[in-house]
Amino acid sequence: MSIRRLPEHLVNRIAAGEVVERPASALKELIENAIDAGATRIAIVLAGGGRDRIEVADDGGGMARDEIALALERHATSKLPDDAIEDVTTLGFRGEALPSIASVARLQIESRSRGADGWSITIDNGAKAAEGPAAIPPGTRVMVDALFDRVPARRKFLRSERSEYAACLDVVKRLAMARPEIGFTLDHDGRRALTLPPGEDRPARVAALTSRELADNSLGVDFEREGVRLGGVAGLPTFNRGVADHQYLFVNGRPVKDRLLIGAVRGAYQDLLARDRHPVLALFLQVPADQVDVNVHPAKTEVRFRDPGMIRGLIVGGLRRALDEAGHRSAQRPSAAALGNWHQEGGHPRPFHEGVEGSYAGALFSPFTPSWRGPGGGSSLSVADVQRDYFPQARAEAATEPVSDAKNHPLGVARGQVAATYIVAEAEDGLVLVDQHAAHERLVLERMNRAMANGGVARQALLLPEVVELDEPACDRLEARFAELEEMGLELERFGPRAILVRATPALLGAGDAKGLVTDLADELAAFDSALSLKERLDHVAATMACHGSVRAGRILSVAEMNALLREMEVTPHSGQCNHGRPTWVKLAHGDIEKLFGRK
Ligand SMILES: Nc1ncnc2c1ncn2[C@@H]1O[C@H](COP(=O)(O)OP(=O)(O)OP(=O)(O)O)[C@@H](O)[C@H]1O
Ligand SMILES: [Mg+2]
């Protein structure tokens, strides 16, 4: 075996393995180059999800003829004038993006610096193919055709055109959000997908790229500690989504998908959101250059902080402060010790203890005691939608039905409702708390499954079809599933490139929020895309539908409604856990209540 130096084209191809994973990563490099060149407008054209063509044109500084040739060489960059990689302020600095892309595609650069003539060089899979004058306005245009055509191993790993396009769109959105002063256009397969005018301010750009509704459902964040600044827009917990894709995080103007930051965001919203819901937000972190290393990831999407604990604390603290100031406080938590005494279904109930005096349920869970405090804390009772402020409710209706035989009614009879979210019931052997939304969601899902097994879910036509605006990949994903969704009772129709028309919804969901349902379904489809089997997909879709057809936390129920829910739970399979695997009810045995009061 002899050791040899690899030829340049092979070195580039190996580098391409890290930098250019799919069309979206090539696109990212090209847009970053345009931004670094000082562009005020960037025009992006894609064909076939970027697999067939990626074109990025900018009005930035451009390159002279000999610079173009140099730019295509490995480790050639204009961005580290003082060799000081710690102080890098540009998006690029490695000098390897262009040669890497050129080694796995046909790449043409046309460029013209001001006051000079334009020049064009074409490299075909690592070898120069053409060179000559180019008649273009000042700036640069890079075209990448037939990516990975000569690298079958890579081509094989590409996903559908739709998925590749969705990834490209995500890249454009993130970079456009980082630089609201730059104008962007995006065309895909001859259709305009995005127009963002230059000179926008940050909130306008964030709203344009996320949702126009975000403006009314978010808080401004501006917070500084020890020279680190956190700015941006944080969505209210109520404006949540089913996937975490709608979180845009930036460090020093660079879009990142950093685990530390994602974890900090989750931490900040932890007890304000159900575990399977995610906030929508755009956060911009400005960190002194010497406290962050951007050179830790080939695609530069992760960073390393000198003091990660401080950054995490800043994000959690800053977000919490903003959310708290908005009056959306989280629920008080019961103490770990008290919670430990609650039985979940499947646990072993403690024996009934004689000598309980009177009716304790009303006293312990009086509607005027919205939550209980205990010493300690730190346990996590995850609660859906408790962030809404509620007022203790008075009841005109008396809940006095006698406790029936535990064998027939193990969940007891309703005594009241706490926080407009939990049903308090008295069973023969203890006190039962039911999460009304989680429980009802489960019942709806079971009903849907039964209907599906019996030949389809009945539909209910909407009087006025509802238009739901979504981005194009989301509409495409839904459209690909129209037939299956129709079997589940949801009748949708494509309405232009970026909208879906809802014609009918599953009858058993009742008149719900069709828009929220379709938006969540689109998120669901994006999240599991081709990763799950059809069967699993249907379960997810049915679960999402069930969630929308269910009694929300926060709805005040009558005693009769509560008892009806308890009775249906008792006869429905799997009703002890919600569609996300959490318990729908918990029971505190009489003996445990006594322990809480030190009587035992
Ligand atoms: N759109 C553009 N306009 C002007 N100059 C450009 C453009 N694209 C590339 N260049 C020049 O070509 C050089 C090489 O680009 P390339 O993307 O390969 O490396 P880089 O941006 O320096 O670093 P990185 O590999 O981290 O992206 C750049 O440093 C820049 O000088
Ligand atoms: Mg670059």
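Student: What is the shell around ligand 1 by class?
Tutor: The shell has 9 nonpolar, 6 polar and 6 charged residues; Ala, Val, Leu, Ile, Met, Phe, Trp, Tyr, Cys and Pro count as nonpolar, Asp, Glu, Lys and Arg as charged, and the others, Gly among them, as polar. This is a predicted model, in which local features need pLDDT of at least 70, side-chain atom pairs count only at pLDDT 80 or more, and totals for chains, interfaces and linings use all residues. Residues are numbered from 1 along each chain as its sequence is written, chains are lettered from A and ligands numbered from 1 in the order in which they are written, and side-chain values use heavy atoms, without hydrogens and water.

Student: Which residues are the closest to ligand 1?
Tutor: They are Asn 33, Thr 77, Ser 78, Lys 79 and Lys 300.

Student: Where does Ser 78 lie relative to an oxygen atom of ligand 1?
Tutor: A polar side-chain atom of Ser 78 is 2.5 Å from that oxygen. Polar backbone atoms also lie by ligand oxygens, at 2.8 Å for Phe 93 and 3.0 Å for Ala 97.

Student: Changing topic, in what order do the strands of the sheet run?
Tutor: The open sheet has 8 strands, ordered E5-E4-E3-E6-E2-E1-E7-E8, with mixed pairing; two strands pair if DSSP finds at least two bridges between them. Its edge strands are E5 (127–133) and E8 (191–196).

Student: How many bridges join E1 to E2?
Tutor: There are 6, and the two strands run antiparallel. Within this pair, Ile 44 has Val 56 in E2 as its bridge partner.

Conventions. A residue is near a molecule or strand if one of its heavy atoms lies within 4 Å of it. A polar contact is a pair of N or O atoms within 3.5 Å; within protein, one must be able to donate a hydrogen and the other to accept it, and residues adjacent in sequence count only if both atoms are side-chain atoms. Helices (H or I, at least four residues) and strands (E, at least two) are DSSP runs, numbered from the N terminus.
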